[in-house]
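Here is a short tour of a protein model, written to be read with the structure open beside you.

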Amino acid sequence: MAALNLNANLPVYIQWPDDAALTLIQRRRAYQPLFTTTRLHDQNQLWRGIARDIRNNHIFRPTRKQCREKWNALKSRYENLERLINRNPEGYLTCTPTLHDERFHQELSDEFWRVERKYLLFN
């Protein structure tokens with residue numbers, strides 16, 4: 001009888017070192033022109049490249065999925081802190097920022113990811 005893995009579908013929490021998270025932000029910024037011109041379902045290649053860049057420069061070894069998830073979390077927490085700083089005029093739910101959120105706020109303050117996507121026409 002096979003052993004039952006009760007944790008099989010639970011997300012695994014990964015603690016990102018600050019230097020690796022900073023590299024993620026810097027590499028995501030460098031890849032921004034490609035993200036604006038690459039179809040969404042083709043962006044896995046970009047995330048794979050970012051993960052490889054982090055693995056080549058740090059002991060930390062994230063996957064492309066972990067990089068994408070961390071990026072989305074960094075953006076979300078940045079937006080949360082921005083709402084708090086601006087007294088949350090839209091009334092969105094907020095949470096208490098962490099030192100990690102504050103650490104990366106300045107690095108994300110140019111909001112480089114908010115540029116308009118360039119839609120490509122494919123025949």
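Let's start inside helix 1, where Ala20, Ala21, Leu22, Thr23, Leu24, Ile25 and Arg28 are buried. Keep in mind as you look that this is a predicted model. The cover over those buried residues includes helix 2 (32–37), helix 3 (44–57), helix 4 (64–85) and helix 5 (99–108).

Helix 1 covers residues 18–30, and its 13 residues should span 18 Å at 1.5 Å a residue; the end C-alpha atoms are 18 Å apart, so expectation and model agree.

**The chain as a whole**

Stepping back, the chain has five helices and zero strands, which gives the pattern α-α-α-α-α when read along the sequence. Of its 123 residues, 31% count as buried. Among the chain's contacts with a separation of 6 or more, 61% are between residues 24 or more positions apart. The chain exposes about 8900 Å², with 52% of that area supplied by carbon and sulfur atoms.

**Empty spaces**

Rolling a probe the size of a water molecule over the atoms shows where empty space is left. Two of these spaces are set side by side here.

| Space | Volume | Lining by class |
|---|---|---|
| Second largest pocket | about 230 Å³ | six nonpolar, five polar and four charged residues |
| Largest cavity | about 40 Å³ | four nonpolar, one polar and two charged residues |

Which residues lie nearest the centre of the second largest pocket? They are Arg28, Phe35, Leu40, Gln43 and Lys75, out of 15 residues that line this pocket. Helix 2, helix 3 and helix 4 each give at least two residues to the pocket lining, and helix 4 gives the most, with four.

Now for the cavity. The count of cavities of 30 Å³ or more comes to one. What lines the largest cavity? Its lining is made up of Leu74, Arg77, Tyr78, Asp101, Phe104, His105 and Leu108. Helix 4 and helix 5 are the elements that give two or more residues to this lining, and helix 5 gives the most, with four.

Note on methods: Residues are numbered from 1 along each chain as its sequence is written. This is a predicted model: local features need pLDDT of at least 70, side-chain atom pairs count only at pLDDT 80 or more; totals for chains, interfaces and linings use all residues. Side-chain values use heavy atoms; hydrogens and water are left out. The expected span of a helix is 1.5 Å times one less than its number of residues. Buried means under 20% relative accessible area, exposed over 50%, partly exposed in between (1.4 Å probe, protein chains only). Contact means heavy atoms within 4.5 Å. Accessible areas come from the Shrake-Rupley method with a 1.4 Å probe; for residues, only the protein chains shown count as cover. On a 1 Å grid over the protein atoms alone, a cavity is a set of points where a 1.4 Å probe fits but cannot get out, and a pocket is an open set with protein on both sides within 12 Å along at least five of seven lines; lining residues have an atom within 4 Å of a point. Grid points are joined across faces, edges and corners, and a volume is the space filled by probe spheres set on the points. Ala, Val, Leu, Ile, Met, Phe, Trp, Tyr, Cys and Pro count as nonpolar, Asp, Glu, Lys and Arg as charged, and the others, Gly among them, as polar.
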